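My notes follow in the order I took them.

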Amino acid sequence: MSLIQKLGPGGRHGLASQESRDPIGYAVAALNRVAQSDLVDRLGLRRTAEQTVFTVTRTGFRTATAAGRSFQRAGQRGKPGVRVPSAPRTGVFDLTPTEDEQMLVDVVTELAEEVVRPAAAEADESCSVPDAVRSAAQEVGLPLLGVPESLGGISEERSAMAGTLVAEALAKGDMGLAVATLAPGSVATAIGLWGTDEQQRTYLPAFAGEDVPAAALALNEPTVLFDVLAPSTTAVRRGDSYVLNGTKSLVPLGSEAELFVVGASLDGAPVLFLLESSTAGLAVEADPGMGVRAAGLTRLELTDVTVPVEAVLGATDGSTYTECVRLSRLAWCALAVGTGQAVLDYVTPYVKEREAFGEPIAHRQSVAFMVANIAIELQAMRLLTYKAASRAAAGKDVAREVGLARNLCAAKGMQIGLDGVQLLGGHGFVKEHPVERWYRDLRAVGVMEGSVLV
């Protein structure tokens, strides 16, 4: 094996396994090898070596984005795209899934249990998505969930409810892998909801094929008191183009993505832009967080990135961007519900089997009440999320419902994660049990914006 192969990217510590390293990346890898050697101890250079590694790695691994495929332009410029109709309004408050939705949930639940959950711990450690999980998600048809049937997808009506159920089911396996597998479909859904005929016919056929491109929404920014509805990233009109400048953070699959939906401020209003990864001026670096690590979170640096006027996705008055944020927050609520359910399903049998002072700890009133509170809060989170999703599928205004669901899921989701760790005692702190990972993931619900939508 050559030296370059030994120092190549291995998918650890925030670097996706597909990411290529620039010279500084190889330098850091070499320094790490040196720091691990016994030789530095014999020479008395341990402290110096570790300090060098720390200083260099603080700057992160910066690379050019994935070259990606060349999307062939198609469709008619300026012509409205295909829009799926809203779900029919029955006038009855019934959150029972339809027969088709239940079949989809059953398939995704099986995927989460048999493929996602077993791969979760390794994916969290390596910050990358296993090929088995990626291919299984494509076989199930997750990237096509929000694509209109006339464009090769499976959506006959607004899919917000189906998307919510799928996100919840996937998150029972692992939230990080759920975000990673849902990210490409979220971009396809966004194009299906707001894209022009040209945008839909240019990009959506790729999502309906066998080689589905990695793609992601990029709305987060690494700024203090970040307000997703007032992005710092700017877009300036110059002739027949827009020039984008800014930084996006916590972007899933960034090192391998071929297409991004980026939020930027245009004339004081937030606007969405379609951005291909091969565009000049776009760079990516690892941006790992405490949770959702399996999604391969990255940071995008946009430096004088020039895109054509046709790259604008939806309206330029901020309405499309706002709707995107609400549907994204709804997706994060569904992810919180699914992960919270995983916590409840894990701690319930644990407290019944774990004994202290000669009896199961479930016999202790404080323990029983804590488990009951998890179940109560989880059901409240689920009902608010389902109600918001059903209104979104019917084409109704969901500002109030999404706001309520987001507030509750962010607060109670983190509490459920904390209680899950507490119920396991010392076992909740170690990686032998998955509850510590779920706790870290649930803290993302109140922080992350974008990344996925329903």
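Entry 1: I began with Arg382, which is buried at a relative accessible area of 12%. The model is a predicted one, so I kept its confidence for a later entry. I then looked for the partner of Arg382 and found a salt bridge to the side chain of Glu168, with N to O at 3.0 Å. Glu168 lies in helix α7 and Arg382 in helix α11 (residues 365-393), so this pair ties together parts that are 214 residues apart in sequence. Helix α7 covers residues 160-171. Glu168 counts as buried too, because its relative accessibility is 5%, under the 20% cut-off. I listed the contacts of Glu168 beyond four places in sequence: Ala334, Val337, Gly338, Arg382 and Tyr386.

**Entry 2: other salt bridges.** I found 16 salt bridges in the structure. One of them joins Glu449 and Arg329, whose closest N and O atoms are 3.0 Å apart. This pair links distant parts of the chain, with Glu449 in the segment after α13 (435-442) and Arg329 in helix α10, 120 residues apart. I checked accessibility on both sides: Glu449 is buried at 7%, whereas Arg329 is partly exposed at 23%.

I also looked at Glu377 and Lys412, whose side chains meet in a salt bridge at 3.9 Å, N to O. Glu377 is in helix α11 and Lys412 in helix α12 (residues 399-423), and the two are 35 residues apart. Both ends are partly exposed: Glu377 has a relative accessible area of 24%, and Lys412 has 29%. Finally, I noted a network of salt bridges that links Asp124, Lys431, Glu436 and Arg440.

**Entry 3: cysteines.** How many disulfides does the whole structure hold? My search returned 0.

**Entry 4: the nonpolar core.** I counted 130 residues in the largest nonpolar core. Which of its members touch the most others? They are Leu170, Trp194, Phe260, Phe273 and Leu335. Helix α10 (residues 319-353) supplies the largest share of this core, 18 residues. I followed up Phe273 and noted its contacts beyond four places in sequence, among them Ala235, Tyr242, Leu244, Phe260, Val307 and Leu313. As background, I wrote down that nonpolar side chains in soluble globular proteins tend to be buried together.

**Entry 5: confidence.** I read a mean pLDDT of 82 for the chain, with 82% of its residues at 70 or more. Where is confidence lowest, and where is it highest? The lowest mean, 42, is in helix α1 (residues 3-6), and the highest, 95, is in strand β6 (residues 269-276). Residues 1-29 have pLDDT below 50, and I noted 57 contacts for this stretch beyond near neighbours in sequence. Residues 50-62 are also below 50, with 24 such contacts in the model.

Conventions: Residues are numbered from 1 along each chain as its sequence is written. This is a predicted model: local features need pLDDT of at least 70, side-chain atom pairs count only at pLDDT 80 or more; totals for chains, interfaces and linings use all residues. Side-chain values use heavy atoms; hydrogens and water are left out. pLDDT is the predictor's confidence in each residue, from 0 to 100. Helices (H or I, at least four residues) and strands (E, at least two) are DSSP runs, numbered from the N terminus. Contact means heavy atoms within 4.5 Å. Buried means under 20% relative accessible area, exposed over 50%, partly exposed in between (1.4 Å probe, protein chains only). A disulfide is a pair of cysteine sulfur atoms within 2.5 Å. A nonpolar core is a set of buried Ala, Val, Leu, Ile, Met, Phe, Trp, Tyr and Cys residues joined through side-chain atoms within 4.5 Å. A salt bridge is a side-chain nitrogen of Lys or Arg within 4 Å of a carboxyl oxygen of Asp or Glu.
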